[in-house]
Amino acid sequence: MIDKASLPPVVEKPIIVNETMAEYLAPADNKETLIKQLKAYRLEKSREENIKAYCVFSNKQMLDLIDKMPKSRDELLGVSGFGPVKAEKYGDVIIELLK
């Protein structure tokens, strides 16, 4: 299991929010931090597996993760784009990041 401390450092840059993403981001909450952590994890896994980052999960799937905040692999299956394979492969770390 990947520890949060082992993730690459997060570069403090403003998140560019396009119109489709803006509706998901509520002001004054912790979604920006979650987005940064999930993007860092996604980048790390994509580099490990030599795949495109969106193959781990897309921005739309990431926003659905944040909206639904799954607490188990079974709940993760209810998130857009997450089937049994992705839930098994990435689920434990994603759930830990969302805590």
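Biologist: Which helix do Asp64 and Lys68 share?
Modeller: Asp64 and Lys68 both sit in helix H4, four residues apart, or about one turn of the helix. Helices here are DSSP runs of H or I with at least four residues, strands are runs of E with at least two, and both are numbered from the N terminus.

Biologist: What should I know about the model itself?
Modeller: This is a predicted model: local features need pLDDT of at least 70, side-chain atom pairs count only at pLDDT 80 or more, and totals for chains, interfaces and linings use all residues. Residues are numbered from 1 along each chain as its sequence is written, and side-chain values use heavy atoms, with hydrogens and water left out.

Biologist: Back to that pair. What do Asp64 and Lys68 form?
Modeller: A salt bridge links Asp64 and Lys68, and their closest N and O atoms are 3.3 Å apart. The term means a side-chain nitrogen of Lys or Arg within 4 Å of a carboxyl oxygen of Asp or Glu.

Biologist: Why can such side chains pair?
Modeller: Side chains of opposite charge can pair when their charged atoms come close.

Biologist: Is Asp64 buried or exposed?
Modeller: Asp64 is buried, with a relative accessible area of 14%. Lys68 is partly exposed, at 45%. Buried means under 20% relative accessible area, exposed means over 50%, and partly exposed is in between (1.4 Å probe, protein chains only).

Biologist: Which residues of H4 are buried?
Modeller: Gln61, Met62, Leu63, Asp64, Leu65 and Ile66.

Biologist: What happens just after H4?
Modeller: Met69 takes a positive phi of about 45 degrees there.

Biologist: New topic. At what angle do H2 and H4 pack?
Modeller: About 130 degrees, with the axes 11 Å apart; H2 covers residues 31–49 and H4 covers residues 59–68. Axes are lines fitted to C-alpha atoms, for helices over the stretch in contact, and angles run from 0 to 180 degrees between N-to-C directions. The two helices are therefore oblique to each other. Under 35 degrees counts as roughly parallel, over 145 as roughly antiparallel, 65 to 115 as roughly perpendicular, and the rest as oblique.

Biologist: Which residues make the contact?
Modeller: From H2, Lys31, Leu34, Ile35, Leu38, Lys39 and Arg42; from H4, Asn59, Met62, Leu63, Ile66 and Asp67.

Biologist: How many salt bridges does the structure hold?
Modeller: Seven. One of them joins Glu49 and Lys89, with the closest N and O atoms 3.2 Å apart. That pair links distant parts of the chain: Glu49 is in helix H2 and Lys89 in helix H6 (residues 84–98), 40 residues apart. Glu49 is partly exposed at 24%, and Lys89 is partly exposed at 48%.

Biologist: What about Asp92 and Arg73?
Modeller: Their side chains meet in a salt bridge too, 2.7 Å from N to O. Again, distant parts of the chain are linked: Asp92 is in H6 and Arg73 in helix H5 (residues 73–76), 19 residues apart.

Biologist: Which residues are in their network?
Modeller: Arg73, Glu88 and Asp92, joined by salt bridges that share partners. Asp92 is partly exposed at 37%, and Arg73 is partly exposed at 28%.

Technical notes. Contact means heavy atoms within 4.5 Å.
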